[in-house]
Amino acid sequence: MFVLNTWYVAAWSTEVTRKPVRRVVCKQPLVLYRTQDGAAVALADRCAHRAYPLSAGRTVGDSVECGYHGFAYGPDGVCTRVPAQAAIPARARVRRYPVVEKDGWIWVWTGDEDLADESLVPDTHWMNDPAWATVTHTMLFECRHDLIHDNLLDLTHETFLHKTTVGDDYIPEYGITVEVDGNVVTVDRLMPGVEAPPLYARTMGTEGLYDRFHATEFHIPSYHVLHSGITAQGRPREEGHLIKVLNGITPVDERTTWYYYAFSRNFAVDAEWATKELETGLETVLREDADALREQEIGMRERPDGEHDVLIGQDAGVARARRILNQLLAAEQAAARPAQG
Ligand code: FES
Ligand SMILES: [Fe+2]
């Protein structure tokens, strides 16, 4: 079960072209394409005629044409042409999904169209700001989306899972502060007077001791921005070498999740070698997470009923986020239930 009244990342802008492409978001198959003037469109990827996937067809003008018997659908999902007859049946239409394209991401609203509010699309401006340089990755995780949220909210795992890249022994020694603002949970950890993580130190051009910090800001249920970096000891964070890790977490189904990852930095912005080094290093980090969460998913499925997580102090953010996610799910289900009596 997924929260549907929200924006999910469905693709990178570069992946959506005039050639239709399929993406499954929260078990809903979508076809994505662009109209002649470049606007991104998302429709249900199932022809109204005989359920053939529209993503196997082609674009004709601003419409997508089914590759089986040629029904054509406009950007609003309404059938505009039935090659075999002049009359177009009234039921010949497919669902259209609200789309927002911003900073290189394509967001779709999977729930009630009337509730789609563009102002709720998260801030990702760093990807578009010349003062920052960005590296991106996309990975299909073989786990439920909750495990990725927990992973991002408890970064003590870096010490053990990411030893060669962003893990340092000292991380779990520092406590966290948790803040909740509506549907946003922030978990902040400050690590004063420590060395920069191995993956970053070279590209940052730093040596010696700094104040390191990372704050995970989870916009429940689909997006995290990690405010991370190092600054001179005792100095404000804004003065430091800063990183914004943007994470679009998009469920495919109960055991598969797309991970759209962008890493923006305000240091070595024009250094091609730094971009290359980070690209490789960050892929390692993501792969380590993907491998671990695949194994954890197996563990979750093997776990007998009645056996539950043992949460500790460092899981305070995880616990708060879970509660909010469950509340959102319950509210949507209650609203979807027909009124009694
Ligand atoms: S299934 Fe699409 S036109 Fe027949
Ligand atoms: Fe990780």
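How many Å separate the centres of domain 1 and domain 2, taken over C-alpha atoms? The separation is 33 Å.

This is a predicted model, in which local features need pLDDT of at least 70 and side-chain atom pairs count only at pLDDT 80 or more, while totals for chains, interfaces and linings use all residues. Residues are numbered from 1 along each chain as its sequence is written, and chains are lettered from A and ligands numbered from 1 in the order in which they are written.

**View 1. The two domains of the chain.** Domain 1 spans 7-119 and domain 2 spans 122-329. These bounds come from an automatic or database domain assignment.

**View 2. Where domain 1 touches domain 2.** Here 12 residues of domain 1 are in contact with 11 residues of domain 2 (C-beta atoms, placed from the backbone, within 7 Å). On the domain 1 side, strands S1 (7-12) and S2 (21-25) each give two or more residues. S1 gives the most, with four. Strands (E, at least two residues) and helices (H or I, at least four) are DSSP runs, numbered from the N terminus. By class, this side has eight nonpolar, one polar and three charged residues (nonpolar: Ala, Val, Leu, Ile, Met, Phe, Trp, Tyr, Cys and Pro; charged: Asp, Glu, Lys and Arg; polar: the others, Gly among them).

**View 3. Helix H1 against helix H4.** H1 (145-153) and H4 (272-302) pack at about 125°, axes 10 Å apart (lines fitted to C-alpha atoms over the stretch in contact; angles run from 0 to 180 degrees between N-to-C directions).

**View 4. Residues of the H1 and H4 contact.** H1 contributes Leu147, Ile148 and Asn151. H4 contributes Asp289, Leu293, Gln296 and Glu297. Three are nonpolar, two polar and two charged.

Notes. Two residues are in contact if their C-beta atoms, placed from the backbone, lie within 7 Å.
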